[in-house]
Amino acid sequence: MRILFNICLFTLLFTNVNAQQIACVDAVNAVSNDTLLSFMRILTGLDSVAISGQKQVIESRFKNNPGNVQTEDYLIQTCISYGYQIENIPFSDIGRNIIAYKPGAINPKKAFIISGHFDAVPRTRGADDNASGTAAVLEAARVLKDISFPYTIIFAFWDEEEVGLVGSRKFAPDGPLGYWDVQLMMNLDMIAWDGNNDSLAMIHTKPIGNSIAYADSLASICKQYQIPLNPFIRNPGESATDQEAFWEKGATAIGLTEDYDFDFSPHWHLPSDSIQNCHLPYFYRMARLAIAGICEFTLRTRSVSVAEFQASKPRATVWPNPSKKELHIDHDHQFQLNEWRIYNLQGVLVDSGKDASTIAVNQLLSGMYLIEIDWANSELTRLKWVKE
Ligand SMILES: [Zn+2]
C-alpha cells in the first residue's frame, strides 16, 4: 500500500502533472455547500424542480414510484447540462441505472467510476440513504466537467440498491457496459451522519484487485487536501451496498461512508431520515474527499507509464519482472532509444546507460524501481520494475 503511494509521489516528481494537480485542487475548491444542499433538497422533495420543462416534486424514490422515474430524469437532465454523455439503460421494466460519462482523451476504454444509489426504501425521503451520496456524485459531475481526463470518468447512479444491489449488479463488469475496462469503482452510500462528531470517514475495501491500494491512497488524499476527516479503512468492507457488486466480479472497488460500525444512523430506513437529521458540515467534507479522490485517481494514473497509453502495443517492455541479476528492455525499433535510467522510490538515480539489451542489477537493493526510457524524440516511457 505504502509502495503505491510512494510511486504516485515519485512520478509526480518527474512528470508535468502540476497543471493536473491544480485542476483537482481547483475542482475541490469549487465544491459548493449551497449546491450540495440544493441537490439534497430536490432529491428529498423539499424543493420542486423543473423536470422536462415541468415543475415537479420528487416524492418517494423507491422503485415503481413516480419519484423514482422523476429522479432518473432529473439526473439525466442535470448531467446533460454539464456536457456529459448519458447511457440510460433499463435493466428491467422499471429499473434503470443512469450513467453519465466523459470519454477519456487518451484511452477511453479505461474507466474510473464514482457512484451512489439514488433509490430509497418506501416511506422515507432517504436523505442520508442515499440522497447524500447521489448529491455528491452530482456535485462531482459539476465541478469536474471542464477537466480533460486521460481515461473515461463515469458518474453512475444505481437504481434498486435497496432491493438487493440490483442496478449495480446489472452494470458490474460483465454487464451491458462491460466494454469499459473499469480501473476503479468508488461508491458513496450514506455520507451525512456523524452522531458522535468524530469525523470518521469509513473507507471500505477488500483484498480484491487494487482495492486495498486505492483505499490507502484515498486516506492519503484526505491528508494531502487537509480535509478535516478521520479516514478509517475497513477491511473487509461492507458487502451490503453497491461496491459488493464489483467485488463479486473481482473488480477494484472501494466505498466511502459514514461510520457503519460504532455510529450507525438511528434514522436509517425510517421516515426520520431527513435533511434535518443530517450532519451537513460533515456531509460537505465527505463530498470533498470523494471528489478529490476520483479526480486524483483519474488524472494521476496518467503518469504511471506512457507506454500504457499506447493501448495496442507498448513501445517498450521490461523483463524479467521481478528479477534478481539482470533485466532487459525490449523495444519497438521504430523508436530510437536514447538512454535508460533507473530510479529508486526516493527519486534517486541509481543507474543509467545506453545499451538496454542486458542491464546488470545484482548491486541494487530489493524493492520497487521506476525505469525511465528516454527516446530520441525526447518522449519518455516509464515502467515499474521490482528487484527481487
Ligand atoms: Zn443505501
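Helix and strand labels here follow DSSP runs, with at least four residues for helices (H or I) and at least two for strands (E), numbered from the N terminus. Axes are lines fitted to C-alpha atoms, for helices over the stretch in contact, and angles run from 0 to 180 degrees between N-to-C directions. You are looking at a predicted model, in which local features need pLDDT of at least 70, side-chain atom pairs count only at pLDDT 80 or more, and totals for chains, interfaces and linings use all residues. Residues are numbered from 1 along each chain as its sequence is written.

**View A. Helix H3 packs against helix H5.** H3 (residues 33–43) and H5 (residues 127–143) meet at an angle of about 130°, with their axes 9 Å apart. The pair is therefore oblique, a label for angles that are not under 35 degrees (roughly parallel), over 145 (roughly antiparallel) or 65 to 115 (roughly perpendicular). Residues in the contact, with C-beta atoms, placed from the backbone, within 7 Å, include Phe39 and Met40 of H3 and Ala131 and Leu138 of H5.

**View B. Eight strands form an open sheet.** Follow the order E3-E4-E6-E5-E7-E10-E8-E9, where the pairing is mixed; strands pair if DSSP finds at least two bridges between them. E3 (85–90) and E9 (230–234) stand at the edges with a single partner strand each, so one side of each has no neighbour in the sheet. On average, neighbouring strands are turned by 20° against each other, direction ignored.

**View C. Strands E8 and E9 run parallel, joined by five bridges.** Look for Met202, whose bridge partner in E9 is Phe232. Helix H7 (residues 211–224) packs on the sheet here, touching E7, E8, E9 and E10, and its direction makes about 170° with that of E9.

**View D. E13 and E14 form a hairpin.** These antiparallel strands, residues 337–343 and 349–353, are joined by four bridges. Tyr343 has Leu349 as its bridge partner. Five residues lie between the strands, and Gly347 in the turn has a positive phi of about 85°.

View E. Most peptide bonds are trans.

Methods. Two residues are in contact if their C-beta atoms, placed from the backbone, lie within 7 Å.
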